[in-house]
Amino acid sequence: MTRRFSRTPDPLRPAPGSTHPDAARARTTARALAGALGVSGVLHLVRPAVFDSIVPRSLPGSARSYTIVSGLAEVVVAALLASRPTRRLGGGLAAALFVAVFPANVSMATRSVRSERASSARTAIAIARLPLQWPLVTRALLVRRAS
């Protein structure tokens, strides 16, 4: 005898065959995030020294290993976001990635503020990046929810 369980619909997930109201915006956002993460990931791998300097010193291990791993993660997440069947997973992983790299952004801003050698432009950019993480996380979650 086969038992059927009724499943309560998830209000954040569209029913099969229906379209989420934010689906078009999520596709555009997914493409933009995929592009940004892809470029950033490749830069991490091609020019790692630039990114080594922002890895928090309090982390164990070498800064280079964090740079390479984060670059690879960005490339993988970009690929997941770019592909429709894996976009939902990519959105969730992108949100997690943006949260995970936030300490590096805080470290970069802190070092810029404390450094006498950092230009005022570099310091301003480092500080301005901090509040930008929140919209990145929310957009990645929009992609996850609407995909």
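This is a predicted model: local features need pLDDT of at least 70, side-chain atom pairs count only at pLDDT 80 or more; totals for chains, interfaces and linings use all residues.
Local features are given only where pLDDT is at least 70, and side-chain atom pairs only at pLDDT 80 or more, whereas totals for chains, interfaces and linings use all residues. Residues are numbered from 1 along each chain as its sequence is written, and side-chain values use heavy atoms, with hydrogens and water left out.

**View 1. Overview of the helical protein.** The protein has six helices and zero strands, in the order α-α-α-α-α-α from the N terminus. Helices (H or I, at least four residues) and strands (E, at least two) are DSSP runs, numbered from the N terminus. Of the 147 residues, 32% are buried, that is, under 20% relative accessible area with a 1.4 Å probe, protein chains only. Of the contacts (heavy atoms within 4.5 Å) between residues at least 6 apart in sequence, 67% join residues at least 24 apart.

**View 2. Packing of helix α1 (residues 23-46) on helix α3 (residues 63-82).** The two axes come within 7 Å and cross at roughly 155°, which makes α1 roughly antiparallel to α3 (over 145 degrees). Axes are lines fitted to C-alpha atoms, for helices over the stretch in contact, and angles run from 0 to 180 degrees between N-to-C directions. The crossing is left-handed: the near helix is turned anticlockwise from the far one by less than a right angle. Residues of α1 in the contact include A30, L33, L37 and L45, and those of α3 include I68, L72, V75 and L81. By class, this contact has 13 nonpolar, seven polar and one charged residues. Nonpolar covers Ala, Val, Leu, Ile, Met, Phe, Trp, Tyr, Cys and Pro; charged covers Asp, Glu, Lys and Arg; the others, Gly among them, are polar.

**View 3. Packing of α3 on helix α4 (residues 87-100).** Here the axes lie 7 Å apart at an angle of about 145°, and the crossing is again left-handed. From α3, A73, E74, V77, L80, L81 and A82 meet R87, L89, G90, G91, L93, A94 and L97 of α4. By class, this contact has nine nonpolar, two polar and two charged residues.

View 4. S107 is buried, with a relative accessible area of 13%. Leaving aside residues up to four places away in sequence, S107 touches I54, V55 and P56.

Key: Buried means under 20% relative accessible area, exposed over 50%, partly exposed in between (1.4 Å probe, protein chains only). Angles under 35 degrees count as roughly parallel, over 145 as roughly antiparallel, 65 to 115 as roughly perpendicular and the rest as oblique.
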